[in-house]
Amino acid sequence: MDLSTEFCGVRFQNPVVAASTDMSRAAARFEELLNSGVGGIITKSVTDAAALQAKGIARFDIRDQDQKPVSGEIPKNYTFFSRGGSMVSMERFEEYAGDQLEQARERGVVLIGSISAAKKENWVAYAKRMEAMGFPMLELNFGNPHGEAAGGKLGFLLGQSEELCCDIVGAVMQAVGIPVIVKLTPQVADMTAIAGALAKIGAKAVTVMHRYQGLVVDAETEEPSLGGFAAIGGPWMKPIALANIAKIYRGGNGLSICGGNGADTGRDVAEYMMCGASLVQIGSTLMLRGPEAVSGILSELAETAEGKGLKRVDELRGRIADKIVTYKNLGELPARESHMDLEQCEACEEKICVRRCYFGALSAENGRLEKDGELCTGCGMCRHVCPKGAVTLSYI
Ligand SMILES: Cc1cc2nc3c(=O)[nH]c(=O)nc-3n(C[C@H](O)[C@H](O)[C@H](O)COP(=O)(O)O)c2cc1C
């Protein structure tokens, strides 16, 4: 399986990219990440916001599905609540990033510089300095969920303004010759609108998407976890990311998409690609499961593509996006109906399906299950609640 891909003219040995997190901060962790097999690594964001450079503001709260703090084994569907920040000043970044670039080049890993500034002139100046250092690509972080930290105009608060975002992206694109990816915030009414506006000013690539701001609380102690609002994510975020990737891909404005937020497995990476992503970034999972998770993710990705008879993983791109039926053309949705194994249903005393049918299509008469085909919408609830596995669904 050929895993390699091209993104904005830059070759990646595979589409899996380590997202911008604290992983690239310590030299030893960066080295592990480089050796993990990832196609690219996005550096921790550089900022001019002093409040975000403060030491000791990084705090993590990882919960399981029942909202219990995780200790030891990382569950499949974790929630990663983080008060991140702890970004890097450009001066500090320049002390170590040159070495990282050299190491990345030796390993064939694409190192992408990340910027999250408050002042327009610094977005431009940092981009130029990163280009001069030899970065082959930049990611502009318009999504970090702690935007309030710099008097209002940072991260998602900038990313929510089409005007400010386009103004800064335009200035950066004019100042540098390397490809620029704009990392979008989902905290807007319509991500496709901002993506469309960026495409109009000549942007070539977007990251879909950064995280949301959330709140985790402790009802017993009556305390907000980590002190208050902070970034939240985890594998449960995948459907929201996929929807936004597919919408932007289907928007037809030719933007290359780096998907992300919620990817945990190789199969997830394949799904992000099938919705339209060319690259897929993974942050939380690599922080929690370690860079050693990458080889499993890559082999599962290759297996998924192989299982479809593909030769190149690139061929996964867009395969699902094109099949999506939107609310605009609901008439194209094929009709569905449920079928019951009536013998099994007769033996079932509970007949929970009758009580969970909200369309009045199911009833029970002397222990026999009756279905009114006119009323059945094919919603599928009966299949999900049936304790016997006696219900199947088919398209008509
Ligand atoms: C601890 C932590 C620190 C992060 N720092 C940054 C950052 O400096 N810049 C940035 O653009 N995104 C940052 N992110 C967001 C990630 O790059 C990524 O977009 C997000 O976590 C969603 O992807 P995931 O579900 O794979 O984690 C951070 C995320 C975490 C969990």
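The expected span of a helix is 1.5 Å times one less than its number of residues. In this predicted model, helix H4 (residues 120–133) can be held against that value: its 14 residues reach 20 Å from the first C-alpha to the last, close to the 20 Å expected at 1.5 Å a residue. Just after H4, glycine 134 adopts a positive phi of about 115°.

Six names make up the buried set of H4, namely Asn122, Trp123, Val124, Tyr126, Ala127 and Met130. An α-helix has 3.6 residues a turn, so residues three or four places apart point the same way. The cover over the buried residues of H4 includes the elements tabulated below.

| Element covering H4 | Residues |
|---|---|
| Helix H3 | 90–107 |
| Strand E7 | 110–115 |
| Strand E8 | 137–141 |
| Helix H5 | 156–159 |
| Helix H6 | 162–175 |

The model contains 3 cavities of 30 Å³ or more, and the largest cavity has a volume of about 480 Å³. Its lining is formed by 35 residues, and Ser20, Thr21, Lys183, His210 and Arg211 are those that lie nearest the centre. By residue class, the lining of the largest cavity comprises 19 polar, 12 nonpolar and 4 charged residues.

Strand E6 (79–83), strand E16 (279–282) and helix H10 (284–289) each contribute at least two residues to the lining of the largest cavity. Of the elements, H10 gives the most to this lining, with 3 residues.

How values were computed:
Residues are numbered from 1 along each chain as its sequence is written. This is a predicted model: local features need pLDDT of at least 70, side-chain atom pairs count only at pLDDT 80 or more; totals for chains, interfaces and linings use all residues. Side-chain values use heavy atoms; hydrogens and water are left out. On a 1 Å grid over the protein atoms alone, a cavity is a set of points where a 1.4 Å probe fits but cannot get out, and a pocket is an open set with protein on both sides within 12 Å along at least five of seven lines; lining residues have an atom within 4 Å of a point. Grid points are joined across faces, edges and corners, and a volume is the space filled by probe spheres set on the points. Helices (H or I, at least four residues) and strands (E, at least two) are DSSP runs, numbered from the N terminus. Ala, Val, Leu, Ile, Met, Phe, Trp, Tyr, Cys and Pro count as nonpolar, Asp, Glu, Lys and Arg as charged, and the others, Gly among them, as polar. Buried means under 20% relative accessible area, exposed over 50%, partly exposed in between (1.4 Å probe, protein chains only). Contact means heavy atoms within 4.5 Å.
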